[in-house]
Amino acid sequence: MIDDNSLILAPMVGLMLWTMVMYIWMYATRIPAILKLPKEQADEAMTPGKLEEHLPAKIQWKAHNYNHLHEQPTLFYAVCLLLAFIDMGDGLNFWLACAYVALRIVHSIFQATINTTPRFVIFLVASICMYALVIRAAMAVF
């Protein structure tokens with residue numbers, strides 16, 4: 001069990017778990033799509049950078065999102081660890097982290113399924129939550 005100041009670790013682990021869900025979803029759609037390709041195309045698709053040319057965009061959306069979950073969230077993980085370390089992982093920081101994770105999950109679902117404009121708005125609001133965490137950590141450290 002974690003103490004109140006370490007509550008922020010829970011949304012951090014939640015996003016890690018969601019990243020694993022996206023990993024499974026990506027391969028659950030990608031592998032069957034690759035297996036449906038003619039052998040020559042399947043072989044070429046295995047060449048780095050060539051998969052995009054052979055699979056439908058809708059299949060690739062899951063992979064794009066999985067990659068995105070390894071970009072900005074790395075800063076989220078760092079700020080969550082910092083806030084837990086300096087005993088500021090509760091209260092507003094905890095709720096900002098929860099909002100960030102919830103929004104990133106909704107963003108993933110949008111990107112992986114319909115990939116429409118609201119996706120950017122969801123990403124923007126999630127980013128604001130994360131930036132607020134970074135600013136709050138900076139204010140505490142400096």
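This is a short tour of the structure above, one selection at a time.

The model is predicted, so local features need pLDDT of at least 70 and side-chain atom pairs count only at pLDDT 80 or more, while totals for chains, interfaces and linings use all residues. Residues are numbered from 1 along each chain as its sequence is written, and side-chain values use heavy atoms, with hydrogens and water left out.

**Stop 1: the core**

Select Ile8, Leu15, Phe76, Tyr100 and Leu133. These have the most contacts inside the largest nonpolar core, which has 25 residues. A nonpolar core is a set of buried Ala, Val, Leu, Ile, Met, Phe, Trp, Tyr and Cys residues joined through side-chain atoms within 4.5 Å. Buried means under 20% relative accessible area, exposed over 50%, and partly exposed in between (1.4 Å probe, protein chains only).

Now colour helix 1 (9-35), helix 4 (57-68), helix 5 (73-85), helix 6 (91-113) and helix 7 (118-141): each gives two or more residues to this core. Helices here are DSSP runs (H or I, at least four residues), numbered from the N terminus. Which helix gives the largest share? Helix 5 does, with six residues.

Then select Ala33, Leu37, Ala42 and Ala45, which are among the eight residues of a second, separate core.

**Stop 2: the aromatic rings**

There are five aromatic pairs in the structure. Rings of Phe, Tyr and Trp (its six-membered ring) pair if their centres lie within 6.5 Å; planes under 30 degrees apart count as stacked, over 60 as edge-to-face and the rest as tilted.

Show Phe76 and Tyr100, a stacked pair with 4.5 Å centre to centre and 25° between the planes. Phe76 lies in helix 5 and Tyr100 in helix 6, so this pair ties together parts 24 residues apart in sequence. Phe76 is buried at 0% relative accessibility, and Tyr100 is buried at 0% too.

Move to Phe94 and Trp95. Their ring centres are 4.9 Å apart with planes at 75°, so this pair is edge-to-face. Phe94 is buried at 15%, whereas Trp95 is exposed at 57%. Finally, select Tyr23, Tyr27 and Tyr66, which form one aromatic cluster.

**Stop 3: two loops**

Go to Asp87, in the loop between helix 5 and helix 6. Asp87 has a positive phi of about 60° although it is not a glycine, and it is partly exposed at 46%.

End at Asn115, in the loop between helix 6 and helix 7. Asn115 is not a glycine either, yet has a positive phi of about 50°. Its relative accessibility is 25%, so Asn115 counts as partly exposed.
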